[in-house]
Structure formats: C-alpha cells, structure tokens
Amino acid sequence: MISAKKILAASLTACLSVSYAGAQNPVIQTSYTPDPAPMVYKDRVYLYTGDDIPGTDFYYMTKWRLFSSGDMVNWTDHGVPISLETFSWARDRAWAAQCVERNGKFYWYICAQTINNDMAIGVAVGDSPTGPFKDAIGKPLISTGSWSNIDPTAYVDHDGQAYLYWGNGTLFYVKLNKDMVSYSGDIVEVPQTLETFGGVRRPRGGQNNQNAQSGPAVPNKDMFVEGPWFYKRNGIYYQMFAGMDKGKETLSYSISNGPTGPWKYQGRIMVDQPTNSFTNHGGIIDFRGKSYLFYHTALLPGGGSYGRSTAIEEFTYNADGTIPNINISKEGPKAAGTLNPYKRTEAETIAWAAKCKTSTDAQTGVYVSDIKKEAL
Ligand code: FUB
C-alpha cells in the first residue's frame, strides 16, 4: 500500500524533474554518499557509494548505498543493498567499493575491517545491478593482514581477463578468474616512482588517512595515496587515484598501454578545490556520449571530512586521451535525458531532495518519508 504522502511526493518529483535547473551538487541530499563508484548498465547509471555517519570523528562506516539515474539529474534511491552484516567476517569500516557486471551478474567489491582488525577485500554478488546481493564466498577475497587492503577497483578487459586493483600507500593488483570471485597468480605490488605515480610511495605504517598526510622526504610531484579507479578507454588504460597536495587529497592519474603497466604519471585532475574534505575519491564513466567525473566533497549541510557526499562534473577528454583539470561546481551536470511523463515515477526518484528524507521498509522498499526544511 502506498501512502498519500508518497503519491504526493511522486507528483512533486515529476514537476521538479521537468523544470528544476538549479544546483545538482552534491547529487544526493538525503544521506551522505562518500566514495562514489558509478557503473553504466543498459542506458542507466548506477551509483554505488559508502555511507558516512554524521557526528562521528573517523570513517566509522557500516553500510553501502545505491542510487541510479537515466539522466544524471533525477536519482532513484535504492536504499542499502549491503552492509557489514552481509559479510560475517567484517566488523567495521565499510569503506570504498565498486560494482562491475560480467555475464549478467554483478560483483560488488568492498573493503572492511575484519574481526582480526586488519582490512580485507570482499565481494558480494547479485543477479541485477540493484541486487539482492549476498557475500559471494563467505570470506574475504583478499586478506593478507595489511591495512593497505582497501579501495578495490575492478575492470574486465576486452580479452576477458579481469583485474582487481586496490591499495592505500601501496598499489596492488591480481588477475581475477572468470568467476570474478577468485584469482590466479600472486598479488603484485605496483612499482611507484616519480615517473609512474608522481612520487615514491610513502613508508609503510598504520595506513590510515591521517598517515597519508606525511609523505616521504624526497621531492615528489604527487604520490599514490588511495582510491584507485582502473578503466580502459580508446585503447588507453587509466589509473585515477587520490594523490596528495598540501596535505589534502587530489584526484590524479597515470596511464598505460597495458592493463598492468608500466604506468606513466600524467598529473592532477582535481586539486586545490574548496571541497571541505581531506579525502577525495573518484570514478569516471562515459554515458550517452559524454564523460563524467564522480568525486566527493563535504559540502552538504552538516557535512565534513566524515560527512562526505557525491558530486559530478561533466568533462571532455583532450584529443590525445589526457584528462583536463576539473573544478568543482554547484551546478553539476546538465540533464542527459528526461523522465517519461507517461511512465510512473515514484517519489524516491529525486532531482533535488534537500528537504526530503527517505526511509525503507520491507513492504514498500525505499520511500520518501518526510518533506520539510532541514530534513537530513
Ligand atoms: O571512506 C573511507 C575511506 O576514505 C576510503 O576507503 C578512502 O578512499 C577515503 O575516501
């Protein structure tokens, strides 16, 4: 049964989506949405994010959220498909994740703190981009006792070989098997030099984001801190990552002719921007002929370094495939399509939800539960 409020909100949303032309960033206003990981599937963008908890003083995160859009402006809230409870081995720190599709199955690579207190990478699997998802193997996929086991990014190359990269301070990869939930060969540590990632990697140590501020004594241009985003476009392999500038994370990138390097540092994509957040974490997609950078800021009211939100900028690659400098904006992307006014659109598809709150229950799924001032 759908409440009157929900029907009212559905109509309201349809109006907003047609006429609304104001700010879009941060793109989700009903919850904090750090570490955005976009995925394009069948003419729709799926946005997998973390969930910052307001009022905390560290990245104590417990769940992962999902949204989708057909036009980059109206985002449908799919709630919380997975949380720490999905993974029996995970106890805290539901950090950055990415979902990729292979042969109609969806593999959501996550990282979390284990019951042994280290960080490990796991994988949930589902039959649709919105799930339901379950822990694919009932144990971590990557577990070496290291705090560097965070921020997985996966890509299935055109020859069918899939790769999983991840890391904090140190960048690693493995070759995934066709099942996407196991791997063959050794875990490989990617060499970091001035030429490959703009600097030598910082010393090993308690790899958390505080330590990321202390780099090595050599004059680096940049360095790999965390948050790799691995993909291929027009024959070029890209490795975007959170680098470092003046004690704050950048988005920087390296490229290669092959999936495992050698990497060549290219520079910074996003640097020195008033994001209000120490960390940054990005994802890049092409959708309907345009290119988009997803990143996070702390610019949602009440936000901060532990209250981060997804933002998006449209951009154009340079002719040689290099990526231009991208600044943050309040406006965000323009609509890349329209909602179909003859098709039912429920209230949880929202263009600007600053005064809305969403909730979930077993019967209705996700629904708009409040429309008022300062609803977050
Ligand atoms: O969200 C927790 C951690 O902060 C992520 O894993 C890092 O990439 C940084 O964004």
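1. The lining of the largest pocket comprises 14 nonpolar, 2 polar and 4 charged residues. The model behind this note is a predicted one. The pocket in question, the largest, has a volume of about 500 Å³, and 20 residues line it. Met39, Val40, Tyr155, Tyr231 and Ile285 are the lining residues nearest the centre of the largest pocket.

2. As for secondary structure, two or more residues of the lining of the largest pocket come from each of β1 (37-41), β6 (90-102), β10 (153-156), β14 (226-233) and β18 (283-287). Among these, β14 supplies the largest share, 5 residues.

3. The ligand is a separate item. It is surrounded by 11 residues, the closest being Asp35, Ala96, Asp151, His281 and Arg308. By class, this shell divides into 3 nonpolar, 4 polar and 4 charged residues.

4. For Asp35, a polar side-chain atom lies 2.5 Å from an oxygen atom of the ligand. For Arg308, the separation between a side-chain N or O atom and a ligand oxygen atom is 2.7 Å. For Ala96, a polar backbone atom is 3.4 Å from an oxygen atom of the ligand. The ligand taken alone exposes 270 Å², and 100% of that is buried by the protein.

5. Most residues other than glycine have a negative phi.

6. Two peptide bonds call for comment. The bond from Gly131 to Pro132 is cis, with omega near 5°, and Pro132 is located in the loop between β8 (119-126) and β9 (133-135). The bond from Gly261 to Pro262 is also cis, with omega near 5°; Pro262 belongs to the loop between β16 (248-256) and β17 (264-270). Most peptide bonds are trans.

7. A probe the size of a water molecule, rolled over the atoms, shows where empty space is left. Over the whole structure, the search returns 4 cavities of 30 Å³ or more. The second largest cavity contains about 70 Å³ of space.

8. Which residues line the second largest cavity? The lining is made up of Val27, Ile28, Gln29, Thr30, Phe67, Trp75, Asp77, Glu348, Ile350, Ala351, Trp352 and Ala353. By class, 8 of the lining residues of the second largest cavity are nonpolar, 2 are polar and 2 are charged. Domain 1 (1-18 + 339-376) and domain 2 (32-331) each contribute at least three residues to the lining of this cavity.

Notes. Residues are numbered from 1 along each chain as its sequence is written. This is a predicted model: local features need pLDDT of at least 70, side-chain atom pairs count only at pLDDT 80 or more; totals for chains, interfaces and linings use all residues. Side-chain values use heavy atoms; hydrogens and water are left out. A residue is near a molecule or strand if one of its heavy atoms lies within 4 Å of it. A polar contact is a pair of N or O atoms within 3.5 Å; within protein, one must be able to donate a hydrogen and the other to accept it, and residues adjacent in sequence count only if both atoms are side-chain atoms. Accessible areas come from the Shrake-Rupley method with a 1.4 Å probe; for residues, only the protein chains shown count as cover. Ala, Val, Leu, Ile, Met, Phe, Trp, Tyr, Cys and Pro count as nonpolar, Asp, Glu, Lys and Arg as charged, and the others, Gly among them, as polar. On a 1 Å grid over the protein atoms alone, a cavity is a set of points where a 1.4 Å probe fits but cannot get out, and a pocket is an open set with protein on both sides within 12 Å along at least five of seven lines; lining residues have an atom within 4 Å of a point. Grid points are joined across faces, edges and corners, and a volume is the space filled by probe spheres set on the points. Domain bounds come from an automatic or database domain assignment. Helices (H or I, at least four residues) and strands (E, at least two) are DSSP runs, numbered from the N terminus.
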